[in-house]
Amino acid sequence: MREGMAEPTPDDDTTHRLVDLLLDRQRPDRELGQHFLLDSKVLDRAVELASISSTSHVLEVGPGPGTLTQRLVAAGARVTAIEVDAVACEHLRRTRGEEIDSGRLNLVEADALHIDWPNDLTHVVSNPPYQISSPLLAKVDRWQSSARNRGDAPLEAVVLLLQEEFAQRMAMAEGPASRGPLGMQTAFHWHCELDSLVPPHAFAPHPAIHSRLLRLTPRDLAADLGVEVDMRLVKRMVDEAFLERRKKVKNRLKRPPKRIERVPGWHRARWRDAVTDLLGKSEVGGVRSDWREVRPDELEPVEWLRIGSELERVNHS
């Protein structure tokens, strides 16, 4: 193949063959949440959503049989694949040996949640086990924050195949009923787009639920809107408010958030004083006039940011 030419996209037969080769060596491990995607169109769509190129360095968590790995490499990317299952790693060394030898694929046998990730990543593209979705996203956020602190480029995009319900909560796609801490924290830092719905029969073995492709592209909602606020304060405020989501915002704010002392300049007594001042104000700029009387899930992400910013302002006045 001439240098610079993209490799042909693997077809359904290739996809099934890779999965069958791994299944011949062991049964899927339920504790590892192993459900191997068989649908080539979904695999191709994941790569398409990521918009990777020959300059991309992609992290894949849980490559399993290597069906997505093969497509990422074929698209020209350099791939770091982290796999905890020793049998799957041996399978990948046999089937992806050429890419490993060339340096286009770096296979790491480890738990992706407990090792450092490369500093020069541009994308995360994965079909991760459902049970690690939350900690994986938390680690993505930490990596992104570290990259900014180092002065490195942040991730360009994250594409994940997740449990449908979890993806819906991340995107807050069903209105107030789907809003919660997960979706709010996502909205503060990422633009979240739902894509293909994937049925259980697209996997071997079949999971009990539907899955959904989701793309995250980075943003800083507070900066974009010109809102100055300590995001650590906002996170604790939102988490506390949604612990009892059917209560009014004013009642939830009166209770100091857990670990508020970890936010510089704050402690429980100072929180109570600042909230008293905040609730006594006639209005908060950019926030609906009845915000005190509504439930936490009725406020938009930007309104939570502005409430947090005003809370900081009265605390420092």
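**Entry 1. The model.** I am working from a predicted model. Every value below is computed from it.

**Entry 2. Largest pocket, volume and lining.** I looked up the largest pocket first. It holds about 890 Å³ of space. I found 25 residues lining it. Nearest its centre I noted Asp-141, Arg-142, Gln-185, His-189 and Lys-235.

**Entry 3. Which elements line the pocket?** I checked which elements give two or more residues to the lining of the largest pocket. They are helix H6 (133–150), helix H7 (164–171), helix H8 (181–189) and helix H10 (231–241). H6 supplies the largest share, with 9 residues.

Entry 4. I then sorted the pocket lining by class. I counted 9 nonpolar, 7 polar and 9 charged residues.

Entry 5. Next I turned to cavities. How many cavities of 30 Å³ or more does a search of the whole structure find? I got 1. The largest cavity holds about 50 Å³ of space.

**Entry 6. Cavity lining.** I listed the residues that line the largest cavity: Leu-37, Val-42, Leu-43, Ala-46, Leu-68, Ser-126, Asn-127, Leu-161 and Leu-213. Helix H2 (residues 40–50) gives the largest share of this lining, 3 residues. By class I noted 7 nonpolar and 2 polar residues, with no charged ones.

**Entry 7. Side by side.** I set the two linings next to each other. The largest pocket has 9 charged residues in its lining, whereas the largest cavity has none. H6 leads in the pocket lining, and H2 leads in the cavity lining.

Technical notes. Residues numbered from 1 in each chain as written. Predicted model: local features only at pLDDT ≥ 70, side-chain atom pairs only at ≥ 80, totals over all residues. Heavy atoms only, no water. 1 Å grid on protein atoms, 1.4 Å probe; cavity = no way out; pocket = protein on both sides within 12 Å on 5 of 7 lines; lining within 4 Å. Points joined across faces, edges and corners; volume = space filled by probe spheres on them. Helix = DSSP H or I, 4+ residues; strand = E, 2+ residues; numbered from the N terminus. Nonpolar A, V, L, I, M, F, W, Y, C, P; charged D, E, K, R; others polar.
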